[in-house]
Structures are given as structure tokens and as C-alpha cells.
Amino acid sequence: MRWFRRRSRGLSDTSAPRFDAPFLPVAPFCVVGDIHGRMDLLAGALEGIANHWPEQPVVFVGDYIDRGPNSAEVLRHLFGLQSSNPDRIICLLGNHEDMLLGFLDGTLQDHRIWFQNGGDATLRSFGISLPTKAPTTDEVGEIRDSLQQAMGADLMAWLRDLPLVWRAGNVWVTHAGADPFVDMERQDRTALLWGHPDFRKLTRTDDQWVVHGHTIVPEVLCNDGRIAIDTGAYHTGRLSVVHVSDGGIKLLP
């Protein structure tokens with residue numbers, strides 16, 4: 001395990017306000033990055049957390065599904081984990097779960113958006129295959145019915161109830177980030193799930209830290225009120241876990 005150091009600005013960089021707020025969570029907690037159907041990496045992360053921080057809250061930033069081979073297993077595991085530990089396990093909604101729900105409810109304007117962004121892997125994990133050619137309207141309806149049946153009412157209800165944000169003191173966790181000029185209590189749903197164009201460019205001025213996934217980074221980054229932890233688990237095999245306390249940030253090795 002190692003401490004993570006903040007990335008600081010150069011001495012000549014005066015183009016933006018400095019962000020020097022300390023970490024002031026009400027209690028220590030862990031955050032797990034985007035899993036994307038990698039049950040093997042999730043199992044390893046949970047083992048590491050149990051070894052180092054067995055009693056502390058664990059927040060998952062969303063994007064549990066798509067791309068990797070085990071989306072169904074990941075969802076069912078997290079559902080069971082949170083059901084048995086509701087005060088310790090916090091699962092947030094990611095944009096990929098949002099697309100899944102849109103497909104299940106028939107509100108996603110173009111089902112191909114989800115299919116082509118890893119939804120096909122999620123369907124396979126539930127035992128559902130896509131046709132070799134573009135599915136017809138009737139076939140899409142049959143796929144939706146099959147997925148609803150395979151998931152079951154309890155799992156779908158759990159997904160629909162997942163929150164968009166979680167807070168501990170001045171540290172917030174959400175999937176994709178936030179509008180830097182809007183109070184965290186008043187953020188737009190789209191910004192939290194899909195990101196905001198100014199989030200990674202402009203510095204917050206309210207001394208609030210935001211831990212997020214969604215955007216793949218080569219390593220965990222911590223600067224200007226942002227802590228990016230999506231290290232591309234599906235592609236890289238690295239599912240990042242950070243521990244946040246008033247002493248700073250540690251990375252699970």
C-alpha cells in the first residue's frame with residue numbers, strides 16, 4: 001500500500017486559482033473504480049479492502065457492467081453485498097447502468113448506443129445472444145423481455161434505486177464528475193452520470209473534493225479538487241481502490 005501525492009501546479013502557473021483544501025471526511029472510507037464486468041478484479045479488490053480496512057464504508061462509483069465478461073455476476077454480487085451490508089456498502093449509478101435501465105424501460109432512444117458500448121457483453125453474461133444482423137424491432141422487444149426475465153424484479157429495482165452521489169464531509173463521490181460552478185447539492189443528473197465539459201478544466205472554489213470514475217486515466221490522479229480513479233479495469237486489468245481519510249489518500253496495492 002502506498003500514499004498518493006497530489007499533483008501540484010508549477011510555480012509560474014497563475015492562470016487558475018489554487019485548490020489547497022484539506023481532506024475533511026467525517027470518517028475514513030474506500031472508493032472502488034469502474035469495474036466493467038471484471039468479477040475477477042472485483043474479487044481481488046474486495047479481498048484487499050477486507051485485509052486493510054475491514055469495517056470502513058466502501059463506495060462503488062458505477063459502471064459495473066458492459067465490456068467485461070461477467071456483468072451479470074458483478075451485479076448480483078454487489079446486490080447481495082449491499083443487501084447484507086446496507087450501512088457499509090454504497091453502490092452509485094453509472095452511465096452504463098443508466099443505459100441498461102433505459103433499454104429495459106424502453107426509454108433509450110437508440111438501443112444500438114448501449115449494444116455498441118458493451119451492452120452486447122452484458123447480454124451474453126445473462127445468457128442472451130444478439131442476432132448476427134441488426135435486430136428488428138420485434139427482436140429488440142424479445143431481447144428486452146428475455147433480459148428482464150433473466151435479471152428478475154429485485155435486481156432491476158435495486159438498479160433503479162441506486163443514488164447518483166455520496167458524501168462524507170467535504171469529499172463527494174459520483175460517477176463522472178460535476179459542474180465546477182454549481183453546488184454539489186444542486187448538480188444536474190447528466191453532469192453526474194456523463195460528465196461536464198468544465199469539470200476537468202476548471203478548479204472548484206468551494207473546497208469540496210470530488211472522487212469520480214468514468215474517464216480513464218493512466219494512474220489515479222488527484223488535483224484541483226478532483227480524484228480520478230478509473231484506470232480502465234477492463235482493458236488494463238487494474239481496478240483502482242483508494243482510501244480517503246483526513247490524512248490523505250492511500251492506494252490499495
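View 1. In S6, valine 171 is the bridge partner of alanine 168. The model is predicted, with pLDDT of at least 70 needed for local features and 80 or more for side-chain atom pairs, whereas totals for chains, interfaces and linings use all residues. Residue numbers start from 1 along each chain as its sequence is written, and side-chain values use heavy atoms, with hydrogens and water left out. Strand S5 (residues 165–168) pairs with S6 in the antiparallel sense over four bridges, where pairing requires that DSSP finds at least two bridges between two strands. Strands (E, at least two residues) and helices (H or I, at least four) are DSSP runs, numbered from the N terminus. Two residues lie between S5 and S6 in this hairpin, and glycine 169 in the turn has a positive phi of about 65°.

**View 2. The side chains of S6.** In a regular strand, side chains alternate between the two faces of the sheet. From strand S6 (residues 171–174), Val171 and Val173 point one way while Trp172 and Thr174 point the other way, and all are buried (under 20% relative accessible area, with a 1.4 Å probe and protein chains only).

**View 3. The open sheet.** Five strands, in the order S5-S6-S7-S9-S8, form an open sheet with mixed pairing. S5 and strand S8 (221–223) are at the edges with a single partner strand each, so one side of each is left without a neighbour in the sheet. On average, and with direction ignored, neighbouring strands of this sheet are turned by 15° against each other. S6 and strand S7 (residues 209–212) run parallel and are joined by three bridges, with valine 173 opposite valine 211 in S7. S7 also pairs in the parallel sense with strand S9 (residues 226–228), over three bridges, and histidine 212 stands opposite alanine 228 in S9.

**View 4. The packing of H1 against H2.** Helix H1 (residues 39–52) packs with helix H2 (residues 71–84) at an angle of about 30°, their axes being 9 Å apart; axes are lines fitted to C-alpha atoms, for helices over the stretch in contact, and angles run from 0 to 180 degrees between N-to-C directions. That makes H1 roughly parallel to H2, a term for angles under 35 degrees. Met39, Leu42 and Leu46 in H1 meet Glu73, Val74, His77, Leu78 and Leu81 in H2, contact being defined as heavy atoms within 4.5 Å. The residues of this contact comprise six nonpolar, one polar and one charged.

Technical notes:
Angles under 35 degrees count as roughly parallel, over 145 as roughly antiparallel, 65 to 115 as roughly perpendicular and the rest as oblique. Ala, Val, Leu, Ile, Met, Phe, Trp, Tyr, Cys and Pro count as nonpolar, Asp, Glu, Lys and Arg as charged, and the others, Gly among them, as polar. Buried means under 20% relative accessible area, exposed over 50%, partly exposed in between (1.4 Å probe, protein chains only).
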